[in-house]
Structures are given as C-alpha cells and as structure tokens.
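Subject: Structure handover

Hello,

Here is the structure for you to look over. Please open it first, then read my notes below.

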Amino acid sequence: MLGSGLLQGLGVTAKNFVGSFHDPARLTTTEYPEVKTKLPEAYRNFPFLVSENATDPMGTLRCVACQICEKECPPQCIFIEKSKDKKPDATGKLQLFPAVFDIDVSVCMSCQICVEVCPFDAIKMDQDFEIATTDRFTGLMLDKHALAKPNSYFHEIHPTDAAEVDGRLAAERKAAEEKAKAAAAAKAALAAAPKPAPAALAATAKPPAAPSAEAPKTPPAA
Amino acid sequence: MSAIAATEPFLERAPQLLRDAATGFLPEPWRWLVNSLIAIGVILAVFGTLFAFLTLAERKILGRVQNRPGPNRTPLPFIKIKFFGLAQPFADGVKSLTKEDIVPRDADQVLHFLAPVVLLAFSIITFAVIPFGRHLVPVELDAGVLYFFAAGAATELAVFMAGWASHNKYSLLAAMRALAQLISYELPLLLAWVPVVLVAGSLSTTEIVTAQAGWKFGFLPHWYVFTPWGFAGFVIFIVAALAESNRSPFDLPEAESELIAGHLTEYSGFKYALFFMAEYFGMIALSGMAITLFLGGWRAPLPFLEWIPSYAWFGAKLIVLLLGFIWIRATFPRLRMDQLTRFAWKFLVPLALINLGNAAFWSLTSHWTGALQLIRWAVSLVLIVGPFVLMGRKLSAGVAPRVYRYAPS
Amino acid sequence: MSVSDLSSLGSPGGSHVRAVHDEFHGDLLEVSMGPHHPSTHGVFRMIVTLDGETIVKLKPVFGYLHRNHEKLGENTSYLGSMPYTDRLDYLSSMTNNWAYALAVEKLAGQPVPERAEYVRVILAELTRLLNHTCLAGFLMQDCGCSGTPLMYAFREREKILDLFESLSGSRMMCNYQRFGGCRVDPSADWLDGAKKLTDGYGAFLDEFETLLTGNEIIMARTQGVGRLSPALAISAGVTGPMLRATGVNYDLRKVDGYGVYPRFDFRVPLGDHGDVYDRYMIRVLEMRESIKILSQALAGIPAGPIMDPKAKLRGFRPKAGEAYGRIEGPKGEIGFFLISDGSPNPYRYRIRPPSFINLTILEDMCLGQTVADAVIILGSVDIVLGEVDR
C-alpha cells in the first residue's frame with residue numbers, strides 16, 4: 001500500500017533516535033577536545049628524528065645525513081645539509097650528522113616513505129596531530145631541533161616497532177663489536193704472522209654497521 | 001471573550017486575572033487597546049521563545065536521529081555552563097544580527113528588503129484567531145478559519161517576492177516552484193478543513209472547538225480526528241501543511257541539493273533569520289490550526305485530566321505535532337516538482353473531495369444508533385480506504401521494488 | 001513544442017534537444033551549477049541550459065582539481081607514486097594502490113605471496129563496502145534527505161576506516177600496497193576485527209534498505225530517471241556498477257580473475273533498466289556479495305610472508321617495457337599504464353580513471369530530465385573529483 005515504505009523508514013529513524021540514548025553502537029561521537037580517541041599504534045602523522053638521549057638530542061641523533069629520504073620523498077619536503085665534521089654514532093663509529101634537517105610539514109603528506117627507506121632507523125612517524133599554528137611559514141617549517149625526539153618517546157607511541165628497532169640495533173652493535181674484536185684479533189694475528197691474510201683485510205674494510213640479514217630493511221645503497 | 005466563571009480552577013483563570021490586575025484601572029477604550037497590545041506582546045514573546053527552542057530541538061533531534069549529539073557546546077553567557085547547549089538559539093541570534101547584510105547589486109532593493117518582512121508579518125497575523133486556551137483567543141472572528149487561510153496563503157507570495165527580487169537564477173527557479181506549490185497545495189489544504197466546517201456548522205475557531213467537547217463512553221473524546229473522515233482530513237491537512245510551510249519532503253523552493261538555498265540564496269544575516277523565523281511561525285500556526293480543527297483544540301483528552309489548564313493541553317499537542325514535523329524531516333527525501341504537483345492534483349484533491357462527501361454522509365447519519373452506528377462507521381471507512389488504495393495504486397503505477405538477476409557464472 | 005514533448009525527445013543517447021523560442025515558451029535559462037554548488041561532489045561544474053526546469057543542454061566542465069598527477073608520476077620514482085595514487089579516488093585508496101602495484105608488478109615480473117593476495121582481496125572488498133555505502137549516502141543526500149542516510153553511511157564507514165587506520169596508519173591515505181606484497185602484516189586481532197565488521201555489516205545493510213529501498217519517494221525519484229542504454233554504455237567505455245546496472249555482464253573480478261578472486265564464490269548482480277534506482281540497487285547487492293567474499297577470504301587466509309623477500313623497495317628499476325594493470329575498483333575499471341625505459345622513473349605513467357570515463361555520458365543521461373534529476377544522476381555516477389581531474 002502507498003506509504004508503507006515511508007512508515008518503515010519512520011520506524012528506522014525512531015529506532016535510531018531512541019538507540020542514540022542507550023546504544024553505544026548508535027552514538028559513536030567522541031567529543032574531541034575533552035575526550036580523545038585512542039590512536040592505534042600504527043597511526044602516523046608527520047615524521048620526527050629519533051635521538052638516543054633525551055638530555056642531548058642534537059648530539060645523539062641517529063641520522064647520518066645520508067640524504068636518502070630527501071631523495072625519495074615524493075613531495076620533496078625534506079631539506080638536509082651534511083655536516084663538515086664527524087661525530088660518533090650509536091655504534092660508536094664516526095659518522096656525519098645533519099647540520100640542517102628541515103621538514104616543511106605544510107608540504108609533507110605523511111606517506112611514511114622516508115621511514116621505509118631510512119637504513120638507520122633515524123626517522124620515524126610521529127602521532128602528534130595538534131600542530132595547528134597561526135604562522136604557516138615558520139610555524140610549519142620544522143628544523144632539527146623541533147624534529148628531534150628521544151627514543152623513549154618512540155617507545156611510547158610505537159612500542160612494538162620501537163622494540164623491534166632496538167633489538168635490531170643492539171644486535172648490530174653486538175655484531176659490530178664482535179667484528180671489531182675479530183678485526184683486532186686479526187690485526188694481532190697479522191702482526192704475529194709475517195704475511196697478511198687477505199680475507200681478514202676484506203673483513204675490516206666492510207662497514208661495521210651493516211644490518212643483519214634478518215632485517216627486512218634493505219641495506220644502504222652501495 | 002467568553003465570560004469567566006469564578007468556579008473554574010485558578011490556573012485556568014490565571015492569565016486573565018493577571019491581565020485584569022494590570023489593566024483593570026484603565027477606562028474602557030484604553031483598556032481594550034492595552035489588552036490587545038498585551039496579547040500581541042505575549043504571543044510574540046511566547047512563540048518567539050518557542051521558535052528559538054524549536055530550532056534547537058530540531059537540530060538536536062535531527063542529530064540524535066543521525067546518531068550524533070547535536071549542538072551541545074554553547075555555554076550560558078557569563079557562567080560558562082554548557083547546559084545541553086540551551087544557549088545555542090541566542091548565540092545564533094547574535095550571530096545573525098552581527099553578520100553583514102549583503103544585498104546583491106542587481107537585486108530589486110525594495111522587494112529584497114520587503115520579502116522577509118512581509119513573510120514574517122503574514123505568518124504572525126495568522127496567530128490572531130487560534131484559540132490557545134479556554135479564554136485565550138486573541139481575536140474572535142466569525143470567519144476565523146477563512147481569515148487564517150487567507151493570511152497563510154499570502155506567505156507563499158512573499159517567497160515568490162524573495163525569489164524574484166534576488167536577481168539570481170536559483171532564486172528564480174525557487175520562486176517558480178513556490179508558486180506552483182502554492183497553487184497546488186492550497187486546494188487540498190482548504191478541502192481538508194471544509195468537512196470540519198460542514199460538521200461543526202461554523203467558521204469560527206471557538207465554535208469548532210466547542211463542537212468537539214465531550215467524551216464517548218467516558219474516554220473517547222469527540223475530537224474529529226477520531227472519526228474516519230476526520231482522520232483522513234487530518235492526514236491530508238498535515239501533508240498539505242508540510243507543503244505550505246515548505247517543510248521536508250516538500251521543501252522544493254529551498255531545495256538545498258538542487259537550488260543551493262532557493263529563494264534564500266541571496267539573503268544573509270538577520271533577513272535570513274527572519275525567513276527562518278517565518279518558516280517556523282508558519283509551521284506553528286498550521287499545527288495550531290490542525291489542533292483546533294481536528295484534535296479538539298485546547299480540550300483535555302480524558303475527563304479526569306481536565307484540571308490541567310487548557311493552554312497547557314494546547315501547548316502539549318502543539319509540541320507533539322511539531323516533533324512529528326521534525327521526525328518527518330529527519331526521514332524523508334524530497335519529491336520532484338512534477339511529482340509534487342501530481343501528488344496534489346491527482347491524489348490529495350480527489351481524496352479531499354471524496355472526504356467531503358464522506359463528512360456529509362457522517363453528518364446526515366448522526367442520528368443512527370446501535371447496529372446502524374456500525375454500518376455508519378463501516379461505510380465511512382470504506383469511503384476513505386477504498387479511494388486511498390485505488391488512487392494510491394494508480395499514483396504509484398510503474399514504481400515498485402525490483403527483483404534483480406545475477407550473471408550466470 | 002511543449003515540455004512533455006521535450007522530455008520524450010531527450011532520451012538517453014539522443015541528440016541535443018532544441019527548445020522552441022516563441023512568445024509562449026520564452027527564453028532558455030542558462031545556469032552554471034558549480035564549481036561550488038552543494039551537490040556537485042567537489043568542484044565539478046555543469047553549465048545547464050534550462051527550459052523551465054527541463055534540461056535541454058548540459059556542458060560538463062572539469063579540471064578545477066587538476067594536480068598534474070600523470071606528469072608527477074613521470075618525475076617520481078615508482079615507489080614515490082604510490083602515495084599519490086591514494087589521492088586519486090580518496091574514498092578507495094586501497095584499490096588504487098592495488099591497481100598501481102599490479103601494473104608495476106607486471107612490469108617488473110614481481111611475484112606476490114599468497115597471504116598478500118588474500119590481504120589485498122580483503123582490503124579491496126572492504127573498500128568496496130566503504131565506497132558503495134558512502135555513495136548510497138551521498139545519493140540520498142542529493143535526493144533531499146536531511147543527512148540521515150549519509151550519517152548512517154558514515155557511521156559504518158568509520159568502522160572500516162578504523163580498520164584501515166590500525167593497519168596502515170592512516171584512515172584514507174593508506175599507502176599500503178607495495179610492489180611484491182603489502183607493507184604491514186595484519187595481526188590476528190586485526191583479522192578478527194575485520195571478521196566482526198563483516199558479520200555485522202549485513203544487519204546494517206538491512207536497516208539501511210528498510211529506510212531507503214522501499215521508500216516510495218526514493219522509488220519515484222529514481223526509477224526511470226537517467227536511463228542509460230547498454231549500447232551507449234559500452235561505446236562510451238563505462239565500467240563498474242554503472243555498466244552492470246544496464247545489464248551488461250562485465251566484472252573484471254570474473255573477466256580477468258586477477259589476484260585470488262577465482263577462488264571465491266560470489267555472484268554479479270545485473271540491472272535491467274540502467275536508471276538511477278538500478279545503479280543504487282546494484283551497489284547494494286554488490287555490497288552483499290562483498291560480504292560473502294570477505295567472509296570466505298577471512299576464513300581462508302593462509303600464513304606466510306606478506307612481502308616477497310626478493311622485492312626491492314629502493315633503487316627499483318624495472319627493465320624496459322610496458323604494462324597495464326587493471327582491477328575492478330568500486331567505481332569501475334581502474335587501470336595504470338606504465339612504460340619503463342629502465343630508469344628509476346616511469347617513462348610514461350597513465351591512469352584510466354573510472355569516474356572520469358563514467359562521467360563523459362552525463363549529458364546523454366540528463367537531457368530531458370529536470371534540474372532535480374540532474375543532481376541525482378550525477379550522484380549515481382559516483383564520481384570523486386580527485387580522480388576525474390587528476
């Protein structure tokens with residue numbers, strides 16, 4: 001009969017009206033500034049730079065200014081300048097560090113490609129989305145001081161990822177130490193033996209921070 | 001005004017007593033003038049407040065129907081307590097007052113200004129004849145119903161005025177739609193209440209309410225909506241009232257998804273708010289008239305509830321009807337122009353005409369009793385349901401749910 | 001010539017209707033609907049010539065959202081184009097990702113692990129649910145509902161977006177597929193969540209259909225409006241639910257059988273009238289089939305790696321050649337055509353955007369209809385301007 005569909009529709013809206021008072025599935029609103037939704041661990045917003053130590057963020061940046069992320073960034077919002085001198089990195093090896101590391105977050109599209117291509121686990125995705133500012137030129141151009149955040153913060157926002165990264169870095173550090181030890185032993189052997197062993201020389205020439213084979217990340221470009 | 005018996009409950013007499021205490025010392029012609037001004041002031045204040053909170057209620061109910069809380073953040077001024085957003089209407093008012101009033105350069109300046117004023121004026125003067133309570137009739141006219149609909153029909157002209165004066169193509173389309181809608185829906189609206197006048201034997205709103213007094217078997221009120229023809233008339237009246245007040249699903253003149261805002265496209269600030277106000281006043285007035293004509297006016301539904309003052313009953317019924325309007329708006333999509341007019345001319349008008357005959361039959365057989373009473377009900381019901389089903393089938397011919405086939409895999 | 005004659009002339013695919021200018025009929029009215037009209041789904045513009053309210057001519061104008069997508073793709077590495085594909089049809093980034101990944105995988109001869117194929121199917125069908133739900137909501141909004149169906153659609157869409165967010169990190173710009181697999185392995189919790197959503201979606205569709213499908217006003221508004229003939233649809237290259245609503249059995253999931261789709265049991269609903277109601281209903285029925293695919297895929301997802309271990313992320317240089325990868329997106333056939341010259345960037349990067357091609361026949365569907373119809377016809381085409389203008 002004419003109108004039965006309309007009456008059914010009225011029934012549905014009435015059900016939803018009543019349901020919005022008692023059924024959590026029918027009132028999904030979170031009233032934002034007072035109540036905040038729990039962000040999923042995978043949530044990503046803009047990138048930040050990981051530093052090992054919260055007290056000395058600039059001295060312990062993992063970034064070695066290899067400029068891979070700058071090259072791979074699709075909207076090209078990263079600007080890096082290499083340092084002139086070297087500093088010891090997490091594994092104790094002397095590395096370059098970024099003299100300038102800027103990210104223009106008004107251009108950044110949070111695609112995470114910089115994180116994926118970084119061989120040093122130095123850049124990670126943040127979860128801070130309340131970065132609105134009245135000054136869009138300098139307020140959204142983040143330099144390395146604004147970008148640097150300690151590893152503990154990384155643990156806080158991405159615990160699984162951070163634990164995996166730390167484990168891998170620790171393994172690498174251990175491998176590097178063993179390699180250094182082996183190299184020292186080889187050197188000692190070299191000093192003892194009259195002729196140099198070519199294999200041992202090749203081992204010392206290899207970069208000590210080469211990632212282990214299990215790591216899903218590709219090694220830095222040769 | 002009817003004489004007030006001192007035996008009536010105090011609350012029933014309270015408005016009059018209050019007024020007389022204020023104006024009783026004045027000489028007669030002055031008293032009449034001041035009393036009228038007080039009535040106007042009270043109507044504006046009461047229905048202005050109702051309008052304000054109706055907008056809030058509409059937004060909140062729409063929100064709840066759509067599973068969101070609706071406006072709930074506006075704090076009360078100075079004390080910063082968000083009392084369910086109850087201060088929202090006042091915030092809206094301040095906003096619309098402080099907004100820039102933009103008049104397009106090519107618009108007809110005079111008409112552009114006059115349209116909202118005329119619209120609101122015609123919406124408000126319809127309140128004059130509605131009996132809000134036993135003793136609360138602003139103006140007792142012998143042809144009150146006629147006056148009401150004459151004033152009400154003029155509102156659509158103001159919509160046309162707005163659409164034409166704006167010098168905007170969308171507004172012009174809206175103006176054409178508004179006129180077509182006016183012509184189409186004025187007729188079923190009028191035909192819907194003619195049976196009431198026929199049975200009640202009067203065009204005066206007070207008389208019509210008086211005719212609906214009393215209860216059958218002690219619990220079924222003698223309201224016209226509880227008769228077959230009255231129910232049909234009530235439904236036709238409400239449908240036509242929706243169209244007359246440009247409410248969904250008949251909000252074609254301001255069809256948001258088609259004509260941006262229709263006749264309101266070129267209005268901003270307080271003029272826009274006036275249109276909004278007029279729409280709600282029109283809706284309130286038509287609901288008030290529907291209550292007077294079909295729902296027993298200010299009468300209580302059950303005898304033992306008569307101690308509650310009559311204006312409270314009127315208010316309660318009014319709010320129920322208005323909530324129904326909001327519920328309908330939350331549910332239905334909009335009709336197309338040709339479907340709208342076809343629905344009026346091919347369905348509502350014939351149905352209302354048949355209903356008129358039905359009411360005539362009802363009033364001719366008012367002396368039937370016993371088994372004849374059952375026959376009277378049966379005939380009257382058939383006279384409504386039969387044409388409804390037949391014409392409904394014709395109207396919805398070619399429109400049906402479909403069965404779909406699947407590709408052979 | 002009266003208006004009723006006009007509407008009989010303005011059959012889909014017919015020639016332009018010429019209105020008569022004389023003292024009885026008056027002038028034609030040219031209205032520019034858009035680019036900031038409330039129901040043009042973005043910044044689309046229609047220059048409509050009206051006789052009264054009847055459309056006698058309609059000229060679509062696109063390009064307000066042009067972002068040089070294809071040229072960008074030629075100047076970005078293969079991987080760098082992946083996040084840009086999210087922004088084509090921003091309601092269905094997962095299927096865009098998949099189509100692009102498929103094209104690159106064809107180009108490079110890159111195999112994909114089975115688990116990744118299952119995950120892709122699950123995500124594509126979730127995207128289809130999301131897209132069709134949104135479309136139904138938008139279409140009803142165009143019909144004049146005061147937001148109610150749209151809000152219900154968004155309520156359910158939010159659940160799917162939450163799943164996407166917890167998997168890929170972003171609600172709409174997922175950037176999830178990679179050449180040779182997917183970026184993150186969905187956890188068992190995530191798969192449970194997807195299963196829960198799939199099981200509950202049928203109930204939502206039932207409620208949604210109770211509100212809309214049998215509604216007399218919706219039927220009157222949409223049935224017989226914007227008819228499209230199968231012949232015109234085929235010659236214009238229309239794909240997706242719009243083509244199937246005309247009764248043409250063409251679903252790439254069945255035709256190409258890409259991914260692991262041949263393993264699933266599902267049907268392809270077909271319409272008979274090709275009008276707006278058919279387009280709406282085909283999408284509703286497709287959602288019900290998607291639920292079937294989802295429950296099969298979630299039950300049968302194998303363990304294993306999510307990425308091909310040999311897949312290269314950086315320094316990706318496919319050998320010279322060309323490839324076209326296409327999948328059945330929610331809006332139709334979404335395809336990516338790539339020519340490689342062996343460098344890190346594609347030599348040519350071309351997209352086949354379904355909503356752009358489906359939109360080309362808008363005038364044929366709208367002639368002889370009213371303004372109100374044009375709005376819902378546009379709504380039923382299901383366009384996203386990010387994809388139309390690219």
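Start with α10(B): 22 of its 26 residues are buried, so the helix is largely enclosed by the rest of the structure. Buried means under 20% relative accessible area, exposed over 50%, and partly exposed in between (1.4 Å probe, protein chains only). Helices are DSSP runs (H or I, at least four residues), numbered from the N terminus.

This is a predicted model, where local features need pLDDT of at least 70, side-chain atom pairs count only at pLDDT 80 or more, and totals for chains, interfaces and linings use all residues. Residues are numbered from 1 along each chain as its sequence is written, chains are lettered from A and ligands numbered from 1 in the order written, and side-chain values use heavy atoms, without hydrogens and water.

Back to α10(B), residues 269-294. B:Gly296 follows the helix, with a positive phi near 75°.

Now chain C. C:Ile234 sits in helix α9, residues 230-236. Is C:Ile234 buried or exposed? It is exposed, at 52% relative accessible area. Beyond four places in sequence, C:Ile234 is in contact (heavy atoms within 4.5 Å) with C:Leu243 and C:Val248. The C-alpha atoms of C:Ile234 and C:Val248 are 8.4 Å apart.

Last, confidence. pLDDT is the predictor's confidence in each residue, from 0 to 100. Chain C has a mean of 85. Over its residues 1-19, pLDDT stays under 50. The model scores ipTM 0.84 and pTM 0.85.

Best wishes

Conventions:
Helices (H or I, at least four residues) and strands (E, at least two) are DSSP runs, numbered from the N terminus.
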